[in-house]
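Here is a short briefing on one protein model. Keep the sequence and the 3D view side by side as you read.

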Amino acid sequence: MGVYYTEFLRKVSQGNKGLAILIDPEKFRVNETALFLKKIPKETTHLFVGGSTVHNGETKAVVTALKQHTNLPVILFPGDHSQITPEADALLFLSLLSGRNAEYLVGQQVKSIARLKEWELEIIPTGYLLIDGGNESAVARVSDTQPMPQEDIELIVHTALAGEYMGAKVIYLEAGSGALTPVSFTVIKTVVGAVSIPVIVGGGIRTETQKQEAYNAGAAMVVIGTAFEE
Ligand code: 1GP
């Protein structure tokens, strides 16, 4: 695996927790990049860039501006193949395993290959699971898939394990941006106990308490977007 994943695994194995700040290129002002970076928490370990509906070229401009202003790893978290750009450090190569829409399981991924095979971008195979966050998420709308109910722990665990067995290097438990209810302690803890790869958790995490709860449940990394946009 590439350097960013290896370094992440090393930190996780030492008991360190990751904190990624998610930047949605649609809402980000490139001319305020320096100011934005001053405001993010000092424990931030990664910057994620992506959104459900981003126009062509916006991601490139945001990633380029971030790379000019910070040494934090800039990781793509794309809503679709058009958001993949070579200026970033790594790419979460997402497959939306919670859904049954072939386009988001593998179709978008195939569309990215002509470019990816020419680029140096580090690719991190990621099993992406959308869990019900109590409101309709952009991921559900855009992908036309249903989130998994938080109560259906067996389905969630089996889906995460299917991801690991298919080769995912991380599992991403997503409640959806702006979720009313983040992924629960029980869901995180059960998935972390079942898989042997790091678990990333995001969606609806707004407070320090919610963040700590995800860490205490075993999340290797928490992703926060909306709370910093606000
Ligand atoms: C990342 O979509 C989340 O997984 C971000 O969610 O915007 O609610 O923090 P928030």
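Predicted model: local features only at pLDDT ≥ 70, side-chain atom pairs only at ≥ 80, totals over all residues.

Residues are numbered from 1 along each chain as its sequence is written, and side-chain values use heavy atoms, with hydrogens and water left out.

**Binding site**
- An unreviewed UniProt entry places a "binding site" at positions including Tyr172, Gly204, Gly225 and Thr226.
- UniProt positions follow the numbering used here, feature names are shortened, and annotations may be inferred rather than shown by experiment.

**Two glycines of the site**
- Gly204 sits in the loop between β7 (199-202) and α8 (208-216).
- Helices (H or I, at least four residues) and strands (E, at least two) are DSSP runs, numbered from the N terminus.
- Gly204 counts as buried because its relative accessibility is 9%.
- Buried means under 20% relative accessible area, exposed over 50%, and partly exposed in between (1.4 Å probe, protein chains only).
- Leaving out residues up to four places away in sequence, Gly204 touches Gly176, Gly178, Ala179, Pro182 and Gln210.
- Contact means heavy atoms within 4.5 Å.
- Gly225 lies in the loop between β8 (221-224) and α9 (226-229). At 13% relative accessibility, Gly225 is buried.

**Helix α4**
- Helix α4 (residues 102-116) has 15 residues.
- Its buried residues are Tyr104, Gly107, Gln108, Gln109, Ser112 and Leu116.
- These buried residues pack against β4 (90-96), β5 (122-130) and α5 (138-143).

**Salt bridges**
- The structure holds 12 salt bridges.
- A salt bridge is a side-chain nitrogen of Lys or Arg within 4 Å of a carboxyl oxygen of Asp or Glu.
- Glu7 and Lys11 form one, at 3.2 Å from N to O.
- Both lie in helix α1 (residues 3-13), four residues apart, about one turn of the helix.
- Glu7 is partly exposed at 31%, and Lys11 is partly exposed at 37%.
- Asp24 and Lys27 also form a salt bridge, at 3.9 Å from N to O. Asp24 is buried at 14%, whereas Lys27 is exposed at 51%.

Conventions
Expected span 1.5 Å × (residues − 1).
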